[in-house]
Amino acid sequence: MTVPRGHTEQIVVDGQEHPVELGAWIMNQKGRRPKLTSDTLATLADLGLKWAQG
């Protein structure tokens, strides 16, 4: 999955829309990879993030 750093998704929580800076979040997670737990990495890999695999 490739997501540009500036990509924003709109999510709905309790009927209200909220922007989520998905691209920035993914880049932050990628930078924190050495500190992420194996469970978190497995979850990210299941979501299709290749850098989180193995």
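**View 1. Strands β1 and β2 pair side by side.** Strand β1 (residues 9–13) and β2 run antiparallel and are joined by five bridges. Strands are DSSP runs of E with at least two residues, helices are DSSP runs of H or I with at least four residues, and both are numbered from the N terminus. Two strands count as paired if DSSP finds at least two bridges between them. Val13 stands opposite Gln16 in β2. The two strands form a hairpin with two residues between them, and Asp14 in the turn has a positive phi of about 50 degrees. The model is predicted: local features need pLDDT of at least 70, side-chain atom pairs count only at pLDDT 80 or more, and totals for chains, interfaces and linings use all residues. Residues are numbered from 1 along each chain as its sequence is written, and side-chain values use heavy atoms, with hydrogens and water left out.

**View 2. The whole chain, for orientation.** The elements run β-β-α-α from the N terminus on. Along its principal axes, the C-alpha trace spans about 35 × 25 × 20 Å. Of the 54 residues, 22% are buried; buried means under 20% relative accessible area, exposed means over 50%, and partly exposed lies in between (1.4 Å probe, protein chains only). The accessible surface comes to about 4200 Å², and 52% of this belongs to carbon and sulfur atoms. Such areas come from the Shrake-Rupley method with a 1.4 Å probe, and for residues only the protein chains shown count as cover.

View 3. Strand β2 (residues 16–20) lies largely in the open, because the number of buried residues among its five is zero. Ile11, Val13 and Val20 make a nonpolar surface patch of about 190 Å². A patch is made of residues with over 30% relative accessible area and no salt bridge, with nonpolar side chains (Val, Leu, Ile, Met, Phe, Trp, Tyr) joined within 5 Å and like charges within 9 Å. A salt bridge is a side-chain nitrogen of Lys or Arg within 4 Å of a carboxyl oxygen of Asp or Glu. Ile11 is in strand β1 and counts as partly exposed, because its relative accessibility is 37%.

**View 4. The largest nonpolar core.** Nine residues make up this core: Val3, Ile26, Leu36, Leu41, Leu44, Ala45, Leu49, Trp51 and Ala52. Its largest share, three residues, comes from α2. A nonpolar core is a set of buried Ala, Val, Leu, Ile, Met, Phe, Trp, Tyr and Cys residues joined through side-chain atoms within 4.5 Å. In soluble globular proteins, nonpolar side chains tend to be buried together. Gln29, in helix α1 (residues 22–31), is buried because its relative accessible area is 11%. Not counting residues up to four places away in sequence, Gln29 touches Leu36 and Trp51; contact means heavy atoms within 4.5 Å.

**View 5. Gln53 and the segment after α2.** Gln53 is in the segment after α2 (38–46). With a relative accessible area of 45%, Gln53 is partly exposed. Leaving aside neighbours within four places in sequence, Gln53 is in contact with Arg33 and Ala45, while Ala45 is in contact with Ala52 and Gln53. Gln53 and Ala42 are eleven residues apart in sequence and 7.0 Å apart in space, C-alpha to C-alpha. Leu47 also lies in the segment after α2 and counts as exposed, at 55% relative accessibility.
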